Amino acid sequence: MIDALEKPAIFIRPDYSIQAVNRAYLDTYKQPVKLGHSRCHEISHHAAEPCDRHGEECPLLYCQQHGRSTSVVHVHHTQTGLQHCDILMRPVRDEDGMTLGYLEILNKVTFAAAGTDVNKMVGVSAPFNRMLNLLNRAASADISVLLQGETGTGKELAARAVHDASLRHDKPFVIIECTGLSEALFESELFGHEKGAFTGASQAKKGLVELANGGTLFFDEIGDVPLNMQVKLLRLLETRSFRAVGGLHPKRSDFRLVCASHKDLLAMVEAGEFRQDLYYRIAGFPIQLPALRERPVDIPLLVEQFLLVSTEGKHFSHAAMQKLCTYSYPGNIRELKSIVEQASLIANDSQIQIEDLPQVLQNHSQEQGASDHEIRSLEALEGDYLAQLCQTFPGSFEALADALGVSDRTLYRKLHKFGLRFR
């Protein structure tokens, strides 16, 4: 059965042992699979224990407890390095309904990275992985997607990810900025205009809707569209037809709809500021993007990515990275990027110190210092201890994990959390 699947797949027993494997799975991982002996978490996570014992959702455990299929996104150790994998787990039953084992099918998430990659979403935290799972599900269908989250959480990047992972990836991705769009501009920008339609229209122009034909149309900050224009937008979404300004004949466009807003659109519906029928037209598959303060473990990864783009050879000291990881970031990822760029410009040396951080973090640091009465948190002490071990421990990374009594994966995640590297 699994040999017929193109995607990596295994059949596993309730004790996590792999009983069958297809070629795609064998080609994905470095570690060889010994049927009947190798366990799935050993191959994919390089861990001696199942995922749930390391703070992750274990799909096999879920299937056992609930008796139905489930899916999660985990970071796996593959031939090409750390890779986000969307895991689908299904119980396999005999004719009498008894569970024989579980079928695990992997789908590699290509639009995200567990390390620095300029053109991808970056992170390894549980909230980030849950978001990836939803984005991957949405991309596989043609349903309209509504991305909601605070300003600066990366909604445009998420929209591009949905497009890039969809069957329309080789067609246009067209962005419509809804903020500040007047009614006259709205129709002209969206629908285009014919020559002579208004003063200054010296030639015909295609609208963004027509340009998006076959691809994805992304309405950024759709909550800013005034009520009087929402009717015209609703008609477009219902019929996929429009008429250029000054045009006589209707045109059609086949596009995938993705919208984004930092506003609470349902609250706007209740207040009469957003049409209810429009909301349900755009919110076929709503996805909430986590704020950066909900995923602090991803901050060192994002910092490394921003440094890669903006500077050459600079890095944050451990103390400075700690300050970055404890700040709340009301502006989210966009604010973090700005802080990294400012600090890298201010720093005269290759190592960026606390003194090089913008004043907003300096003030935050002073407030923290005044409130903790010089008592350091256990987390801070753990970070200092790990930083010291990374420089002084004589053995290998695996030996250090054994000495600390944790798995390789747990140690790897802790080092990422504190922005550390093992020598």
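Let's start in helix 6, residues 183-191, where Phe186, Ser188, Leu190 and Phe191 are buried. Buried means under 20% relative accessible area, exposed means over 50%, and partly exposed lies in between, with a 1.4 Å probe and protein chains only. Helices (H or I, at least four residues) and strands (E, at least two) are DSSP runs, numbered from the N terminus.

A word on the source. This is a predicted model: local features need pLDDT of at least 70, side-chain atom pairs count only at pLDDT 80 or more, and totals for chains, interfaces and linings use all residues. Residues are numbered from 1 along each chain as its sequence is written, and side-chain values use heavy atoms, with hydrogens and water left out.

Back to helix 6. What do its buried residues pack against? The partners are strand 9 (173-177), strand 10 (192-193), helix 7 (208-211), strand 12 (216-220), helix 8 (227-239) and strand 13 (241-242). Contact here means heavy atoms within 4.5 Å. After helix 6 comes Gly192, with a positive phi near 80°.

Glu187 and Lys232 meet through their side chains at 2.7 Å, N to O. Glu187 sits in helix 6 and Lys232 in helix 8, so this pair links distant parts of the chain, 45 residues apart. A salt bridge is a side-chain nitrogen of Lys or Arg within 4 Å of a carboxyl oxygen of Asp or Glu. Glu187 is partly exposed at 25%. Lys232 is partly exposed too, at 28%.

Helix 8 has another one. Glu238 and Arg281 form a salt bridge at 3.9 Å, N to O. Glu238 is in helix 8 and Arg281 in helix 10 (residues 276-282), so the pair ties together parts 43 residues apart in sequence. Relative accessible area is 47% for Glu238 and 36% for Arg281.

Now a local pair. Arg160 bridges to Glu156, with the closest N and O atoms 3.6 Å apart. Why about one helical turn between them? Because Arg160 and Glu156 are four residues apart in helix 5 (residues 155-164). An α-helix has 3.6 residues a turn, so residues three or four places apart point the same way.

There is a network as well: salt bridges link Asp142, Arg168 and Asp254. The structure holds 16 salt bridges.

Next, His74, in strand 3 (residues 70-78). Buried or exposed? His74 is buried, at 2% relative accessible area. Its side chain makes a polar contact of 3.5 Å with that of His45. A polar contact is a pair of N or O atoms within 3.5 Å; within protein, one must be able to donate a hydrogen and the other to accept it, and residues adjacent in sequence count only if both atoms are side-chain atoms. Beyond four places in sequence, His74 touches residues including Cys51, Glu56, His84 and Asn129.

Val124 lies in the loop between strand 7 (121-122) and helix 4 (126-139). Val124 counts as buried, at 15%. Among the residues it touches, beyond four places in sequence, are His84, Asn129, Asp298 and Leu301.

Last, the domains. The assignment gives domain 1 (2-112), domain 2 (141-288) and domain 3 (294-417). Six residues from domain 1 and six from domain 3 make the contact.

Overall, the protein has 17 helices and 18 strands. Buried residues make up 48% of the 423 residues.

Definitions and conventions:
Domain bounds come from an automatic or database domain assignment.
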